[in-house]
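User: Could you walk me through a helix and some charged pairs in this one? Here it is.

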Amino acid sequence: MSHLSSPPQKHKGEHKGHSLPRGSERWVVLGAGGSGRGDRGQGGVVGASGVGPGVGGVGRNPSLDPPAHVRGSSSRDKDRSATVSSTVPMPVGGKGSRTSCSPSTLQKVPNRLINEKSPYLLQHAYNPVDWYPWGQEAFDKARKENKPIFLSVGYSTCHWCHMMEEESFQNEEIGRLLSEDFVSVKVDREERPDVDKVYMTFVQATSSGGGWPMNVWLTPNLQPFVGGTYFPPEDGLTRVGFRTVLLRIREQWKQNKNTLLENSQRVTTALLARSEISMGDRQVPPSAATMNSRCFQQLDEGYDEEYGGFAEAPKFPTPVILNFLFSYWISHRLTQDGSRAQQMALHTLKMMANGGIRDHVGQGFHRYSTDRQWHIPHFEKMLYDQAQLAVAYTQAFQISGDEFYSDVAKGILQYVVRSLSHRSGGFYSAEDADSPPERGMRPKEGAFYVWTVKEVQQLLPEPVLGATEPLTSGQLLMKHYGLTEAGNISPSQDPKGELQGQNVPTVRYSLELTAARFGLDVDAVRTLLNTGLEKLFQARKHRPKPHLDSKMLAAWNGLMVSGYAVTGAVLGQERLITYAINGAKFLKRHMFDVASGRLMRTCYAGPGGTVEHSNPPCWGFLEDYAFVVRGLLDLYEASQESSWLEWALRLQDTQDRLFWDSRGGGYFCSEAELGAGLPLRLKDDQDGAEPSANSVSAHNLLRLHGFTGHKDWMDKCVCLLTAFSERMRRVPVALPEMVRALSAHQQTLKQIVICGDPQAKDTKALLHCVHSVYIPNKVLILANGDPSSFLSRQLPFLSTLRRLEDRATAYVCEDQACSMPITEPCELRKLLHQ
C-alpha cells in the first residue's frame, strides 16, 4: 500500500461531525492516530446511540485531520479515509486477507462506461462490474427491479480510487455481487460536483469525515442510507472488507428494507434542515470589522511559526487564506496585526516554494504536503492549485518587491504551458501522483519525481572550478537540495520500502549559505544549480509520465485565465496575457452555447488535437460561471479589451437566472432541473482548496457594479452576504474569501480610470503603475474618449473625464467623485498607496 496510508496524529481543534435526530443511528470505524505516515494504527469501533459495531476501510481518517476551515481544505482535498456511516448495523468481519486479480482473470469485455468521455469513467470501462453512468437508465432499473443503488464517486488522478479499483472493482466475485444485487453507478466527481456534494454531505454529517473514493448506497429514489470511503477488499482483524459490506447490505435490503427506507428519509430530512442557508429575518450582513478580526485571530492561533501554514500535517496550500491575509494587511498596515498577517502569508509562501511540495525540477506544485515541513508531497498536480498559487505568488511580489515570488509564479505558469495545455488554448485538469518507475512496471506514487544520489552523480559529474574542496555539480546540487545516500524520505513515511534510497528535492540552504560553504560566488552557484536542474529535467523526460487527466473543466479554466491575466499584467509580460486570451477564446469557442447563453461544464481532448463533448453535454454548475466571470474580469483589466467584460456581464445574467435563490438569497450550486431527483439542492458554504462559488460571486457582483453601476448586482451581493451571515459569524475562518468580499462591500470600491490611447506609451505606463500596486478592492477602467463605447454607456460619468494637456491621465474615483487628474506614474503610485 502507498506510503500515504497512515492516519495523522490527532491534535487540537478536532473537527466534530453534525448530529442527526434520535433514531438515525450511525456507525464509524476510526483509525487510531499512528506515530507517522507509515503506521496504520488499530481501528477502533465507535457506535452512536449506544448501538454496536460498524464497518470501515483503513487509511487516513479526515476527522483526525486539522479542521477543514483551518487546514484550508475540505473533504474535496483528500482521496480516501477510514469512515463509514450507516443507518443499519453491520458486524465487523473476521480475519481475512486482501485479494487481487491476475490479468488473466480480468474481464476483457467493456461495460457501459466505454461510451463515456470522462478519463475516470473510462478507467473503469473494463471492470467486471455492470457499471452505469449517472442517469435515468440506472434509476429506472433500480426502481423496476427494486434494488439498491451502489454509487461510487472518484476522479481520474485519485490514488486511493486506483487502489480500490485494483483491489475490488477488478475482482470478479465482487463484480458479480455488484452486478447482481445492486445497480452500480460510477460518477466522476469533477464532472458532477452536484452529485458528489450531496452525498459527501451525507457521509460527512454522519461520520465526521469524507474523502475519495466515496461509496454510498442509495434507495431507488436516490436517498442515501449507508456511506463510506475506501474499503479494502477483504476482512482484517480490525476492519471489514468490501465484500462483507456488500453481503451485509444485500441481506439488510431483503430483510429490513422498510426500516432502511424510513431511516433514509429521516436522515434526508435532517440534512435538508441542516444545510439550508438563507437570509431568514436578517436584513443586513454582519460587521466586516468584527468578521475580519475574528477570522485573523483564528488563523493566528493555528499558524505554524517555524514552517508556515495552518496545520501540522497534512498541509495544503490554501490560497484563499493567503488572499485573506494580504487583504487584511492592506487595511491594517499600520497595526501590529497587519504586519503579522503579511509576515504569515509571505513566510508560508516562501516555505512552500522551498519545500518538496514544489517540483523544483519541472516547476508547479503538488497537491499537498504529508508532513509539517512541506517536504514529502502527495505528488498529484491539480490545475486549480497552479492557477490560484500563480496569483498568490504574484501578489506576494506586488507587496514585497522580492523577485523570488515572481520567479515562482512564472515557473508555475511555465509548467502549465508545457504540461497542462491543449493546443487550442484550454487547460487540462490534473496529473496523477502515480507512474511506473520503468516501462512495464506497476505504477508507484511519486516515481516520476524522486531521485537517487547515484542518478544525480551520473548526470552531473562535472567538477566545480574554484571551490575550496573537490566538488562536482552533482554534489553541489545534492547539498543545496538535501539529497542523501540513504534518501531523505524517512522509513515511517515509506512502510512498503518503495521509496528507499530515494530523495525529494527541497531547498535546505539559501544561495548565500551554499556559496559560503564551498567558497563560491552566489551568482556562480545560482547558474550551476539552474544548469543542474535543467539536466535533471531533460533526463526525467525519458521516464514514464504520470497519467494526464485531459478533461477540461470550465471552472478550472476560468481560474487559469485569472492566473495568466493577473501575473501577466503585474509583471508586464504580454506573452502571459496572450495565454489568458487564448484560454478565454477556448472557453467561448468550445464551452459556451451561444443560443442559450449557457456554459458547458466539460470538454475533452480528442485525437489529433481535436476537442470532444459528451452527448448530451454536461452543463455548467455555479462554480463554472463564477470562476469564468472572475477570469474574464481579470482579463479585461489585463488586456483592456471590453469584449471580455461584455461576455462576463452576459454570463452573470445567465448565472442569476439559473442559480439565484430569490427567496433565501445566495446561489445554489446546481440548476434545479439538472439536479432533479437529488434529495438536496445545496449552497457551497466553505472556502477550501477552491474558493466557494458564492464567495467568488460576491466579489464578482461588487466588481460588476463598479464597472457598470447596475444597482441590481449590488443588491444581490448584499442579499448573498446576508444569507451567509450565520455561517460567517459562527466560523469566519471557514469562509475567508467571503469575509474578504464582506470587507470590500463595506469599504468603498475604487474605480481607477485611465483616459488615453491604449496603444500609447504614456497610457501603458499608467496602466502598469496600477498593476504594480496591490489593491484588492478596485476596478481598473480604460476610457478611450469614445462616448459610444461599451463602458461609457454603462458609466455616463466617464464622458466628463478628460485628458490633461493631451496626455494619458488617471483619475481615482469613489462613488463617482474623482481625484484631481494625474499624468505622472509616480504621483499615481503615491495616491494608490494612501
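Below are some questions and answers on these topics.

This is a predicted model, where local features need pLDDT of at least 70, side-chain atom pairs count only at pLDDT 80 or more, and totals for chains, interfaces and linings use all residues. Residues are numbered from 1 along each chain as its sequence is written, and side-chain values use heavy atoms, with hydrogens and water left out.

User: Which residues of helix α3 are buried?
Analyst: Buried here means under 20% relative accessible area, exposed over 50% and partly exposed in between (1.4 Å probe, protein chains only). Helices are DSSP runs (H or I, at least four residues), as are strands (E, at least two), numbered from the N terminus. For α3, spanning residues 136-145, the buried ones are Ala138, Phe139, Lys141 and Ala142.

User: Which strands do the buried residues of α3 pack against?
Analyst: Contact means heavy atoms within 4.5 Å. By that rule, the partners of α3's buried residues are β4 (132-133), β5 (149-154) and β6 (183-188).

User: About how many helical turns separate Lys141 and Glu145?
Analyst: Their side chains meet in a salt bridge at 2.8 Å, N to O; the term covers a side-chain nitrogen of Lys or Arg within 4 Å of a carboxyl oxygen of Asp or Glu. Lys141 is buried at 19% relative accessible area, while Glu145 is partly exposed at 35%. The two sit four residues apart in helix α3, so the separation is about one helical turn.

User: How many salt bridges does a search of the whole structure find?
Analyst: Side chains of opposite charge can pair when their charged atoms come close. Asp188, Glu190, Asp549 and Lys551 are linked in a network of such bridges. Across the whole structure, the number of salt bridges found is 46.
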